[in-house]
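Hello,

Here is the structure I promised to pass on to you. Please have a look at it first, and then read my notes below.

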Amino acid sequence: MTSDDNLADDKYRLLVESVTDYAIYMLDPAGFASSWNPGARRFKGYQDHEIIGRHFSRFYTVDDQAAGLPARALDTASRDGRFENEGWRVRKDGTRFWAHVVIDPIVHPTSGKALGYAKITRDLTERKRQEEALRQSEQSFRLLVQAVTDYAIYMLDENGIVTNWNAGAQRIKGYRPEEIIGRHFSIFYTDEDQARGECERALASARSGGGFQIEGWRVRRNGERFWASVVIDPIHDDRGHIIGFAKLTRDLTERRRSDEALQSAREALYQSQKMESLGQLTGGVAHDFNNLLNTVIGSLELLRKQVTDERLLGLIGNALQGATRGVTLTQRMLAFARRQELQPGPVNLPELIGGMSDLLARSVGPSIGLETLFPTGLHPVFADRNQLEVAILNLVVNARDAMPDGGKITLTARNALVTEDSHSPLAPGSYVQIIVTDTGTGMDPQTLAKASEPFFTTKGVGKGTGLGLPMVLGTAEQLGGSLTLQSEVGRGTTATLWLRTSEQGPGVATIESHPASVATTALPLAILAVDDDALILMNTVALLEDLGHTVVEANSGREALKQLESGQLFDLIITDHAMPHMTGGQLIAEASTRWPHIPIILATGYAEMPDGLPPGVRRLGKPFWQADLEKAIAEVTAATRTPVGA
């Protein structure tokens, strides 16, 4: 080698060593690093002595290593004379970066023998982030345009044909996308403006002047006119050619009725606040009513055991039936407030409806036809089986009541998909629509708007509570679904119940809730009963003592802790949750830490368990019957436990 060659090699090495934006290094034929430049040190993190002699596959992710990507890269470079791609690579500290990689084989110029590979890597993480940010920005922009409801924002092709349609356009002009896309935008103009050629003049002005803006009368789908502000801008391609138009229309009719619009906004806010307040009030009332029913039911059960007179037993039975109706009413109220207890699982709809067929037929009566249609491949829904039966029955009975002179009810279902672009209040995912359609009287817009409000009913006095549809809506929303209603006077009503599908997919067998039989507690227990309501505490103590247990009362969480600290031994703690100063959840947290061997039952009228409860705490829903209490005690106490009161 001549001195000139050596000088050239030195200059090359100096060049490579001075590069810091690229990792430039050599691999031997087996893929082991044989050189390492400052750029490689800078963004891969390895010093020369840490990487030279090590295999280059360590720069690849675990998934790429498992897929054999490093070996394929060298094979491709050897076979094709070059390998180039982009992908995730791994630094020394384990962080990932997006890299552009080029691998070239090095071949001896005379022998043709493979000497290794030259590998150049560039860190493109920042570019990747910018591209991702741009993509997200574009997606956000599309979602923004689609979400806008105060402006009609859509595009025309160069001849004035509508090519897309946003929610604002649908709201203002009344056309659904499938009704307007592909039609000429002149349909929005009045007959007079069409005759004068205003549509063609608008596009010509936008072409020649770079834009067009005007205010004037436009026509909605239903023929109603509205005063609009219209802007049309041309859209150019990269070469400057016009390929279409962006059109923005704003409905300014309300500007002339600003006072009315302000009142409408206030009314909407009031309705929203009213519904929120009603939900809180309804849930609170139902909870308190549950507590009262708990006392009534428990006392009546105990009284029934002491009475032998048939007439008195009949009166007690009537009282228990009335209390049971009260329980049903509170469950509906809790459903509306979304505070009911649910036990969801996969439910096969055709099987569920098939099991309800006799009940549904008896409910609608002989003058109304009931048709059920279920397609093949219908996904199971994720729902509480019992609550779903009640919801479907409610919808069918509502449909029946809308047809006093007879008619037909169709009950069907279909799979549905909610995507990010669906403009739906539901979370994206897979759903099933349960659809109940009737041929009844239908509802006007004012009635339809209030149909799902609690206690609103069009039925006569004593014929409805106004909680049927709110219960269905509350149950659906608690399960992540929804209820939608469509109705026109004289054309019947369609109620659509949206429910999430079960993750297990089609064909999953229905999961029914059949609680296993639980042996009752044979030996008496020493029980600490805690409740701040004296009536409920007295009732709970009476039920427990009737079962043969020894009970110590505590009217607060702090009083319960004093009883536990007194040294008295307890087999079980039964506590309410909603108590002042120290809640049942706080008491359980303290007791389970200091006395972990004592099982605990939390009695509550709400479905939600407090956060952070230790495992093994048994929830007992209020109101409860004595059998429910006995079952809960048997479940939470171990079968081999020796009660301290024995």
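What follows is a short tour, from the whole chain down to a few single residues.

**The chain as a whole**

Please keep in mind that this is a predicted model. The protein chain holds 20 helices and 20 strands. Of its 646 residues, 41% are buried.

**The parallel sheet**

**A closer look at β16**

Strand β16 covers residues 526-530, and five of its five residues are buried. In a regular strand, side chains alternate between the two faces of the sheet. Which residues of β16 are found on each side? A526, L528 and V530 are on one side, with I527 and A529 on the other, and both faces are covered.

On one flank, β16 runs parallel to β17 (residues 550-554), and five bridges join the two. Together with helix α17 (residues 534-546), these two strands make a right-handed β-α-β unit. The pairing of β16 with β18 (residues 572-576) is also in the parallel sense, over four bridges.

A529 is a handy residue for tracing both pairings. In β17 the residue opposite A529 is E553, while in β18 its bridge partner is I574. I527, for its part, stands opposite L572 in β18.

Which residues of α19 (residues 584-594) are buried? They are G584, G585, L587, I588 and A591. Seen down the helix axis, the buried residues fall within an arc of 155°, so they line one face of α19. They pack against β16, α18 (557-565), β18 and β19 (600-604).

T583 sits in the loop between β18 and α19. T583 counts as partly exposed because its relative accessibility is 25%. Between T583 and P610 there are 27 residues of separation in sequence, and their C-alpha atoms are 9.6 Å apart in space.

**The antiparallel sheet**

Elsewhere in the chain, four strands form an open sheet in the order β5-β8-β7-β6, and here the pairing is antiparallel. Its edge strands are β5 (151-157) and β6 (212-219), each of which pairs on one side only. The twist in this sheet averages 30° from one strand to the next.

Within this sheet, β7 (residues 225-236) and β8 (residues 242-251) pair over nine bridges in the antiparallel sense. To locate that pairing, look for I235, whose bridge partner in β8 is G244. Helix α10 (residues 198-209) lies across β5, β6, β7 and β8, and runs at about 160° to β6.

That is the tour; I hope you enjoy exploring the model.

Best wishes

How values were computed
Residues numbered from 1 in each chain as written. Predicted model: local features only at pLDDT ≥ 70, side-chain atom pairs only at ≥ 80, totals over all residues. Heavy atoms only, no water. Buried < 20%, exposed > 50% of the residue type's maximum accessible area, 1.4 Å probe, protein only. Pairing = 2+ DSSP bridges. Right-handed = clockwise from strand over helix to strand, strands pointing away. Axes fitted to C-alpha atoms, helices over the stretch in contact; angles between N-to-C directions. Contact = heavy atoms within 4.5 Å. Arc of directions from axis to C-beta.
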